[in-house]
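Open the model in your viewer and keep the selection tool at hand. This tour goes stop by stop, and each stop says what to select and what is there.

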Amino acid sequence: MSPLKIKSGTSSHSAYDLRDPNAEIIEAHTLAIIVDNEAGVLARVIGLFSGRGYNIDSLTVAEIDHTGHRSRITVVTTGTPAVIEQIKAQLGRMVPVHSVHDLTVEGKSVERELALIKVNGTGEKRVEAMRTSEVFRASVVDSTLESFVFELTGTPEKIDAFVTLMVPLGLEEVARTGVAAIARGA
């Protein structure tokens, strides 16, 4: 008998299908946090994550109201539903935080990321890099005889796919902004 207590040859299913159905799953959530734009606020928000062992997959920050001195922090984080609720509750209790929105559960949202991708190559690899960039609608923002710098905007998955295709063509460097997201509709 195996450690899973399944007799050999009794199931054609993968062992991955034998996970505990009652176990909580890890989900990715995009949080939009409106905060006062003052010194130390970002450090306090990020400190909440690091102090409790929560992971941040993506982080973007920008001032959104110059007269009201408010900024928007967009965080993509992962955890069980209970952990996500705990993160939102703890963020909501912080003094410089005005609101916390979970764009993942509040309805449809638009998420985009900007990336600059440097690819070195000559000859056929250079031509193939240009063909691939056209398919992904990437713009060439810098070009030399040996390299390109592409600008690509899209979902994180689109950027990941483009980067994967550029690896065999001479991928040199990638710079990504992180996810910016906003709710759809009224």
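**Stop 1**

Select Arg131. Is Arg131 buried or partly exposed? At 44% relative accessibility, Arg131 counts as partly exposed. Keep in mind that you are looking at a predicted model.

Glu128 and Arg131 form a salt bridge, with their closest N and O atoms 3.2 Å apart. Side chains of opposite charge can pair when their charged atoms come close. Both residues lie in helix H3, three residues apart, which is about one turn of the helix. Glu128 is partly exposed too, with a relative accessible area of 30%.

**Stop 1: Ser133**

Stay in helix H3 and select Ser133. Its relative accessible area is 2%, and buried means under 20%, so Ser133 counts as buried. What does Ser133 touch, leaving aside residues up to four places away in sequence? The answer is Ala138, Phe150 and Phe162. Show the C-alpha atoms of Ser133 and Phe150: 7.6 Å separates them, although the two residues are 17 residues apart along the chain.

**Stop 2: the phenylalanine cluster**

Select Phe136, Phe148, Phe150 and Phe162 together. Ring pairs link these four residues into a cluster. The structure holds four aromatic pairs.

Zoom in on Phe136 and Phe162. Their ring centres are 5.2 Å apart and their planes meet at 65°; planes over 60 degrees apart count as edge-to-face, so this pair is edge-to-face. The pair links distant parts of the chain, 26 residues apart. Phe136 sits in the loop between helix H3 (124-135) and strand S6 (139-143), while Phe162 belongs to helix H4 (residues 156-166). Both Phe136 and Phe162 are buried.

Where does the charged end of Arg126 sit? It lies over the ring of Phe148, 4.1 Å from the ring centre.

**Stop 3: another aromatic pair**

Move to Phe49 and Tyr54. These two form an edge-to-face aromatic pair, 6.3 Å centre to centre, with 85° between the planes. Both Phe49 and Tyr54 are buried.

**Stop 4**

Leu42 lies in helix H1 (residues 41-51). With a relative accessible area of 35%, Leu42 is partly exposed.

**Stop 5: a salt-bridge network**

Select Glu85, Lys88 and Asp102. Salt bridges link these residues in a network. Take the two bridges in turn.

Start with Glu85 and Lys88. Their side chains meet in a salt bridge, 2.9 Å from N to O. Both lie in helix H2 (residues 81-92), three residues apart, about one turn of the helix. Are Glu85 and Lys88 buried or partly exposed? Glu85 has a relative accessible area of 45% and is partly exposed. Lys88 has 15%, and the cut-off for buried is under 20%, so Lys88 is buried.

Now look from Lys88 to Asp102. The side chains of Asp102 and Lys88 meet in a salt bridge of 3.3 Å, N to O. This pair links distant parts of the chain: Asp102 is in strand S4 (residues 97-102) and Lys88 in helix H2, 14 residues apart. Both Asp102 and Lys88 are buried.

How many salt bridges does a search of the whole structure find? It finds six.

**Stop 6: the whole chain**

Zoom out and switch to a cartoon view. The protein chain has four helices and nine strands. Follow it along the sequence, and the pattern reads β-α-β-β-α-β-β-α-β-β-α-β-β.

Colour by burial next. Of the 186 residues of the chain, 31% count as buried.

Finish with the contacts. Take those in the protein chain with a separation of 6 or more: residues 24 or more positions apart account for 69% of them.

Key. Residues numbered from 1 in each chain as written. Predicted model: local features only at pLDDT ≥ 70, side-chain atom pairs only at ≥ 80, totals over all residues. Heavy atoms only, no water. Helix = DSSP H or I, 4+ residues; strand = E, 2+ residues; numbered from the N terminus. Buried < 20%, exposed > 50% of the residue type's maximum accessible area, 1.4 Å probe, protein only. Contact = heavy atoms within 4.5 Å. Phe/Tyr/Trp six-rings, centres within 6.5 Å; stacked < 30°, edge-to-face > 60°. Lys NZ or Arg CZ within 6 Å of the ring centre and 35° of its normal. Salt bridge = Lys/Arg side-chain N within 4 Å of Asp/Glu carboxyl O.
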